[in-house]
Amino acid sequence: MKQTKIGLIGFGVVGEGVYHVVSQTPSLLACIHKIAIKQSNKTRNAPAHLFTNNVEDLLEDESIDIIVELIDDADAAYVYVTKAIRNGKHVVSANKKMIANHLPELKKLQHEYNVSFLYEASVAGSIPIIRNLEEYYDNDFLKAFTGIVNGSTNFILTQMNENKLSYTDAVTLAQKEGFAESNPALDVEGIDACNKLCILLQHTFGLNTNPNNLLHAGITHLQPSDAAFANKKNFTIKLLARATCAANNDIHAFVLPHFVPNSHALSHVRNEYNGVLLSSTLSDQQFMVGKGAGRYPTSSAVLSDISSLRYQYKYEYRKSKSNTTYHLENNFTIKLYVNYTHCENPISSHAFSQVYEKLESVNRQYIIGDISIQHLKELDWLSNPNISIIAFYDEFK
Ligand SMILES: NC(=O)c1ccc[n+]([C@@H]2O[C@H](COP(=O)([O-])OP(=O)(O)OC[C@H]3O[C@@H](n4cnc5c(N)ncnc54)[C@H](OP(=O)(O)O)[C@@H]3O)[C@@H](O)[C@H]2O)c1
């Protein structure tokens, strides 16, 4: 049987992992034929003759069947991936930023050139969530999902909560372990989770949207008093990406830090692990847990995509072909905790449709109430480093 030739772009945390995994999996009947990198002066843990700093050497090589794109530059990745597809090559990518920002056109392009574009590693690392949404949940109507989809922030939050690391030390450790993006702002500001939410919305509901349309906040503004509040009330703070199908096929979706009850399975997803909780009409709730970041967990998802190309696997995007059309709707309410202890101006209760609790002592000020996501988007709280906001987790609201 013919060996599949792979052109690998990127030889960092994931790229090097994929190189070793492919080399050590003879049953894959595939080999890494060439590797494109950026800097030619680095020492590499692979034979020198494989490397080039000219990506065209891969894209124009007619003997290469599959391009595996694993670089940390979303703009360059978009150029390489689209060119590879136009040159008739199948593409495997883990680049959630690039995918979330270009998914509708990438869907169209792969169809036009009759090639596969697979990206299991772009969401929740080693958890096979995209393939499951595409295949297993093909006909079972999905009502909602909640995901811890960013391994780096989950690692940071766990280290701060359990090992009492400072925020800075926890970020440094996440980078050292290879869990963080080369630009950690993507992780800690919730942008990466938002990109993944965007991809999940496509495969869960067939909803085409852009990350800019989705409300998101990360963990950078969280304060020690928030952790103390969580401990006192038996909550764990988790960064969650959530989506629910409400009446009229309205989709409610957002990324925010949440207070999750310690009794809930999501609160037990620790360190770089990810967890995705799905709610569907027939199977009810299912919870998938697995490593969401790191060299080999991410390589396992890439390996699975490469392997599926042996039987010409393609995403069918069946949800977007169904008769139901879903709409993103931001006019819905969540229960929110807003800590403004270090803020110059107090927060007015008028922003909330209902207030449950308000504390205004000398040392601490917070308010808990219901607020609409639309209204929250219009306020400047999310960009104010002196305000931390945390939603309360409730089952599929
Ligand atoms: N790390 C994870 O746990 C994880 C998990 C899921 C998904 N991902 C995704 O996987 C991708 C790779 O992440 P990573 O952590 O492996 O990144 P990384 O360790 O920073 O490595 C990036 C690699 O890309 C190469 N590169 C950058 N720009 C390039 C360009 N224009 N042309 C050719 N090569 C270029 C770099 O070359 P040099 O070596 O020459 O600098 C480097 O080898 C990203 O999209 C990331 O979001 C990562």
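Residues are numbered from 1 along each chain as its sequence is written, and side-chain values use heavy atoms, with hydrogens and water left out. Because the model is predicted, local features need pLDDT of at least 70 and side-chain atom pairs count only at pLDDT 80 or more, whereas totals for chains, interfaces and linings use all residues.

The shell around the ligand holds 26 residues (each with a heavy atom within 4 Å of it). Phe11, Val14, Gln39, Arg44 and Gly294 come nearest. By class, the shell has 12 nonpolar, 8 polar and 6 charged residues; Ala, Val, Leu, Ile, Met, Phe, Trp, Tyr, Cys and Pro count as nonpolar, Asp, Glu, Lys and Arg as charged, and the others, Gly among them, as polar. At least two shell residues come from each of α1 (13–23) and α3 (74–86) (helices are DSSP runs of H or I with at least four residues, and strands are runs of E with at least two, numbered from the N terminus).

Polar backbone atoms of valine 13 and valine 14 each lie 2.9 Å from an oxygen atom of the ligand. For glycine 178, a backbone N or O atom is 3.3 Å from a ligand nitrogen atom.

The model also has an open sheet of 6 strands, in the order β3-β2-β1-β4-β5-β6, with parallel pairing (two strands pair if DSSP finds at least two bridges between them). β3 (51–52) and β6 (117–118) stand at the edges with a single partner strand each, so one side of each has no neighbour in the sheet. Strands β1 (4–9) and β2 (30–36) pair in the parallel sense over 6 bridges, and isoleucine 9 stands opposite alanine 36 in β2.

How values were computed: Polar contact = N/O pair within 3.5 Å; in protein donor to acceptor, adjacent residues only side chain to side chain.
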